[in-house]
Every structure is written in structure tokens, then in C-alpha cells.
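Subject: Structure handover

Hello,

My notes on what turned up follow below it.

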Amino acid sequence: MRVLVAEDDQRTADYLVRGLTESGHIVDRVADGEMALAMAIEGIYDALVLDRKLPGIDGVTLVRRLRHRDRRTLVLMLSGVATTAARVEGLQAGCDDYLTKPYSFSELLARLEALARRRGRSHRQTVLRVGDLELDTELRTVSRAGRRIELQRREYLLLENLLRHAGQVVTRSMLLEAAWTYDFEAHGHIVDMHIHRLRQKIDDGFEHRLIHTVAGAGYTLREP
């Protein structure tokens, strides 16, 4: 998943970003509510993990405003306020889950991934296929013609994006957004390098190539 962490405490933010990144997610971090809302509204995040008490706009107000524009992004609120009234307020504002401090990272991750699984079953395919190529988004496995293919994290994210837009042109900018963090100063050539490696794993040794270059535009994944 692509996750936005909104947390003004540097130590806590580092803890969350490190844990989520090590768990295979793409993570951006902001320290105030106004920036968090602006970035969340862009619609590129699968989930928002935010502290209830943020400078600028507090977490509850942020979620209410976000839900006027976006009902898709998963929202997990973290709070030191453990009263029933506070939890109800957060959930009624539009949070999908509410976790009180202190919490363990393992519980936070389990809650976030459980939300994603439920959302995935309702709204998204869990197995993406083009020809004899399959990607299982729940198991995070890839195979072609029944042969398991091991991918690095960014290779997996690039392939998932191509499969979700199968038959369409996917620009380098779209691929950058899918596999790199918001503040990473990457350029098209790094996408080309990773696509080259991905092609070696997906296409080499097979009769038909599935990943094709669209000159001056980007890439497409389609059957021959």
C-alpha cells in the first residue's frame, strides 16, 4: 500500500515510517494537518495514518473534511484519548479504525492490513491476470505460466500498476507515483531501469513479451 503518515512528533513518525517501510509499504510523512489534508485529497494514497492532535488542523476535523472529497482512502487514527466518546467522535468523523496509545506496531500493522483486506474484497480484484501472468495482491505473489517469480518491492509495485491498467498506456510519472515516495527526487530514467529488470523476470524465457514500450509516453502491459 501507499501510506501517508501524519504525525508531528519526530520520534513517533520515524518509528511508524520505518516499520511500515520494512513491512513493504511506500510511505510519506507530514507533520501538520493542513499539509496532510492537501496530500490526502490528491487521491494517491491507499491509507492515512494520523495522530488525533496535529498542528494546523486537528485529526478529527481533517478526516471530516477529507470525507467530503474522498470516501475511498482508509483512515486509521492514533490517539492518547481513550474515552468512548473520543473513539465514537473519531469513527463518526469518518475514520475506519481508532487505535489508542500506547500501542504496539504489530497491532497497528495488523489493523491497517485487515482494513485493506476488507476494502480489497469489496472494491478491488485480489488476483490480476493478463495472459499467463498472475499477481495475487493478498499473498503478494507473482507467477507466469505457473512458474513463481520473485520480485523486489518496487518491481512488484510497478507490475501491479501495469496490471491494473492492462492494455492502457501508463506514463513514467504514474509509475513514479506508484513505487516511490512523494518527496523522492526521481526521474524517468530510474523507472526505465526498474522496468528493464522487471522485463528480465517477466518476459525473458517466454515466447511472447507482455511489457511493451510506448515511445514518448511510457509503458503498457498487454497480451501479444
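Asp192 touches Arg172 and Tyr219, leaving aside neighbours within four places in sequence. This is a predicted model, so treat every value here as computed from it. Asp192 sits in helix H8. Asp192 and Leu48 are 144 residues apart along the chain, and their C-alpha atoms are separated by 29 Å.

Cores

Which residues have the most contacts inside the largest nonpolar core? They are Val142, Leu159, Ile195, Leu198 and Leu221, in a core of 28 residues. Two or more residues each come from strands E6 (127-130), E7 (133-136) and E12 (218-221), and from helices H6 (153-164), H7 (172-179) and H8 (188-202). H6 gives the largest share, six residues.

Take Ile195 from that core. Leaving aside neighbours within four places in sequence, Ile195 is in contact with Leu158, Leu162, Leu175, Ile211 and Tyr219. A second core is separate and has 22 residues. Ala36, Leu48, Ile57 and Ala93 are among them.

Helix pair H6 and H7

Two packed helices are described by the angle between their axes and the distance between the axes. For H6 and H7, the angle is about 130 degrees and the axes are 9 Å apart. Angles over 145 degrees would count as roughly antiparallel and 65 to 115 as roughly perpendicular. H6 and H7 are therefore oblique to each other. Their crossing is right-handed. On the H6 side, the contact is made by Arg154, Leu157, Leu158, Asn161 and Leu162. On the H7 side, Leu175, Ala178 and Ala179 make it.

Helix H4

H4 covers residues 84-93. Its buried residues include Ala86, Gly90 and Ala93. Why do they fall on the same side of H4? They cover an arc of only 65 degrees around the axis, which puts them there. The face turned away from the buried side of H4 carries the exposed residues Ala85 and Gln92. Helix H3 (59-69) and strand E5 (97-100) are among what covers the buried residues of H4. After H4 comes Gly94, with a positive phi near 130 degrees.

Ser79 is in strand E4 (residues 74-79). Is Ser79 buried or exposed? With a relative accessible area of 1%, Ser79 is buried. Not counting residues up to four places away in sequence, Ser79 touches Arg52, Tyr98, Leu99, Thr100 and Lys101.

Ser143 lies in strand E8 (residues 141-144). Its relative accessible area is 18%, so Ser143 is buried too, given that the class covers values under 20%. Leaving aside neighbours within four places in sequence, Ser143 is in contact with Asp132, Leu133, Glu134, Arg148 and Ile149.

Best wishes

Key
Residues are numbered from 1 along each chain as its sequence is written. This is a predicted model: local features need pLDDT of at least 70, side-chain atom pairs count only at pLDDT 80 or more; totals for chains, interfaces and linings use all residues. Side-chain values use heavy atoms; hydrogens and water are left out. Buried means under 20% relative accessible area, exposed over 50%, partly exposed in between (1.4 Å probe, protein chains only). Helices (H or I, at least four residues) and strands (E, at least two) are DSSP runs, numbered from the N terminus. The arc is that of the directions from the helix axis to the C-beta atoms. Contact means heavy atoms within 4.5 Å. A nonpolar core is a set of buried Ala, Val, Leu, Ile, Met, Phe, Trp, Tyr and Cys residues joined through side-chain atoms within 4.5 Å. Axes are lines fitted to C-alpha atoms, for helices over the stretch in contact, and angles run from 0 to 180 degrees between N-to-C directions. Angles under 35 degrees count as roughly parallel, over 145 as roughly antiparallel, 65 to 115 as roughly perpendicular and the rest as oblique. A crossing is left-handed if the near helix is turned anticlockwise from the far one by less than a right angle, and right-handed if clockwise.
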